[in-house]
Amino acid sequence: MARRGSRLSTALIAGLILLFTGGPVLLAFYGSVVPDRILLDPNISILDHGLSFETYRYVFTGELPASYLLEGANRSMISDAARQVPQSLWNSTRIALAAMALNILLGAPAAYVFARYAFPGKKASFMFIILSPLVPTTALVVPIYMLMQSLGLIGSIYGIILVHTAQALPFTVLILSVFFRKIPAELFEAAVLDRCTGLQGFLRIALPLALPSIGATGLFAFMLSYSEYIFSLVLSGEARSRPVSVVMAALARNTDVSWSLLNTSIFIAIIPSLVLVVLVWRFVVEGLLAGSVKG
Amino acid sequence: MWTIRRYPLLWLLPALLPVAAFIVYPVAYAFWTSLHGVMLLFPGEPFVGLDNYKRVLSSGYFRTAFLNSVVFMALAAPLVVILGVSVALFLQRRFAGSMIVRSVVLLPWVLPGAISAVLWIWVFHPSFGIINGLLEWAGAINAPIQWLNTPTLAFACVLVAHIWTQIPFAVVLTMAALAAINAETLEAATIDCRSGWKRFWHVIFPEIKAMVVVLIVYNALVAFTTYDLVYAMTGGGPGTATTLLAFQIWRESFAMYDFGAGSALAFVMVAVAGLLIVLITRALPSDLFEERP
């Protein structure tokens with residue numbers, strides 16, 4: 001009896017979580033495969049018309065959906081920005097992967113030192129690192145734009161990579177140092193007895209043990225970069241180097257744009273990161289959980 | 001040779017330098033701007049001292065925007081952490097389809113703010129939104145509710161959307177912290193504590209406390225400095241109901257081209273946020289900042 005009750009509550013809670021987190025995204029998918037005239041007209045049933053993938057075809061090939069070729073159809077509802085989505089996905093992926101790699105490379109050593117060593121200036125430098133993200137980004141936009149301009153990095157993805165790396169680093173260091181701290185001190189003491197240097201302790205003990213956490217932290221840097229908007233907007237310049245958040249915002253701001261085209265772009269923009277999330281989630285968190293069960 | 005003990009700074013510099021270059025320099029520049037009259041529409045940048053600050057602090061907008069931001073943060077940060085920790089605890093269970101739930105929970109995370117905003121506009125839309133649609137279908141309402149055009153409701157809608165975007169991160173970090181708990185500790189707890197709540201409070205919570213503090217501080221910061229959701233969902237309205245401080249900075253700087261006032265506002269915000277962070281970390285004692293031998 002209690003068994004069945006708990007199974008029911010499990011299903012109920014799982015359903016609620018799914019509904020809250022996945023619901024709006026599901027709505028977007030629904031909106032992307034149903035043409036506007038059916039979607040917004042309560043008198044037409046969706047079941048009579050079936051699904052339509054013409055907006056997807058438009059984004060990738062530029063072939064207009066049939067309904068907009070009809071006479072009297074509102075052509076302004078089709079926005080060219082939707083055609084930039086595939087290129088912007090490629091840009092965003094490169095930027096976010098680079099920011100992720102740089103974050104781990106630059107952040108892990110610092111996090112390790114913060115977690116394991118006491119030295120003069122530790123508290124000050126740690127506070128500096130963790131308090132720096134509290135500066136509102138809107139205040140930083142103009143100075144960073146000028147800095148990037150003097151470096152000649154406007155209109156390329158490299159400037160954006162630099163800014164995204166710097167933005168995520170405080171979190172990388174903070175989170176990784178919490179993880180490094182969790183590693184039992186006895187392991188390092190044993191390493192010292194075996195005449196391991198600090199560098200070896202880092203490379204042979206801390207890094208392998210914290211690998212899942214490093215993956216999770218890297219994923220965080222990736223996400224931060226993927227969804228960042230304001231710096232991507234000012235630093236990207238022309239359409240060719242625009243990341244996906246900028247293109248999506250341009251589409252979203254256009255009040256004329258067709259709902260189904262907007263939803264199609266949203267859905268396409270989700271797919272690459274979805275793949276990454278599922279992959280990393282599998283390896284990182286599932287690996288962690290399996291490890292903890294074995295003890 | 002390169003021993004960490006002797007040259008810890010060498011290990012820190014790769015992380016410290018980029019942060020300094022992209023935060024300290026711009027902040028110094030913004031500080032300079034806040035003391036000068038920098039307006040795009042007027043040539044010259046005269047030194048005006050604290051005039052920008054006086055103008056910003058005495059403006060009618062400041063009080064409202066400040067109160068809105070504080071209320072928003074006071075509601076959003078605890079809610080995100082409580083929901084995030086609860087979901088993470090729940091996802092410890094194994095059941096059919098638990099992998100699906102675990103992946104779907106991450107969905108809001110992968111979406112840029114502008115997209116999340118559009119998704120939620122779609123949910124709350126007065127004529128085509130799903131909530132009004134369901135309520136009408138159930139016969140609970142006759143006329144559509146103007147979710148995003150009623151001050152209190154609009155604030156609540158932005159809050160819900162904000163919580164939605166922040167939950168995945170809280171869940172991931174809490175799950176990672178939960179996974180790091182020693183299995184023997186958990187076994188002992190299962191034997192000693194029969195009530196689930198007691199087990200959580202006395203055994204599990206102390207183990208993840210450091211992470212919870214990090215999450216609360218982080219979420220307070222995020223809630224205090226968020227602007228893209230507000231920008232895309234309500235534009236600060238109706239009236240000033242959803243005008244948050246960070247959004248106001250954006251408006252001063254980029255809609256009115258008054259960079260001096262925008263920078264002054266940013267500095268006021270930095271000060272307030274810094275104070276809040278100190279208060280939060282004091283209120284929640286944790287071993288996070290303790291020196292360990």
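What share of the 293 residues of chain B count as buried? The answer is 45%, where buried means that 20 or more other C-beta atoms, placed from the backbone, lie within 10 Å of the residue's own. Before we go on, note that this is a predicted model, in which local features need pLDDT of at least 70, side-chain atom pairs count only at pLDDT 80 or more, and totals for chains, interfaces and linings use all residues. Residues are numbered from 1 along each chain as its sequence is written, while chains are lettered from A and ligands numbered from 1 in the order in which they are written.

Let's stay with chain B for a moment. Its secondary structure amounts to 12 helices and 0 strands, taking helices as DSSP runs of H or I with at least four residues and strands as runs of E with at least two, numbered from the N terminus. The C-alpha trace of chain B spans about 75 × 75 × 30 Å along its principal axes. Contacts here are pairs of residues whose C-beta atoms, placed from the backbone, lie within 7 Å. Among those in chain B between residues at least 6 apart in sequence, 69% join residues at least 24 apart.

Now bring in chain A. The contact between the chains draws 75 residues from chain A and 78 residues from chain B. On the side of chain A, helix α13 (residues 259-294) supplies the largest share, 14 residues. That side divides into 57 nonpolar, 17 polar and 1 charged; Ala, Val, Leu, Ile, Met, Phe, Trp, Tyr, Cys and Pro count as nonpolar, Asp, Glu, Lys and Arg as charged, and the others, Gly among them, as polar.

Next comes the interior. A nonpolar core is a set of buried Ala, Val, Leu, Ile, Met, Phe, Trp, Tyr and Cys residues joined through C-beta atoms within 7 Å, and the largest one has 170 residues. Helix α7 (residues 151-179) of chain B gives the largest share of this core, 18 residues. Among the residues with the most contacts inside the core is Val118(B). Not counting residues up to four places away in sequence, Val118(B) touches Ala252(A), Leu262(A), Ile266(A) and Ala232(B).

Finally, look at helix α6 (residues 137-151) of chain A. At 1.5 Å a residue, its 15 residues should span 21 Å, and its end C-alpha atoms are 20 Å apart, which agrees; the expected span is 1.5 Å times one less than the number of residues. Its buried residues include Pro143(A) and Met148(A). After α6(A) comes Gly152(A), with a positive phi near 70°.

How values were computed
Buried ≥ 20, exposed ≤ 12 C-beta atoms within 10 Å, placed from the backbone. Contact = placed C-beta atoms within 7 Å.
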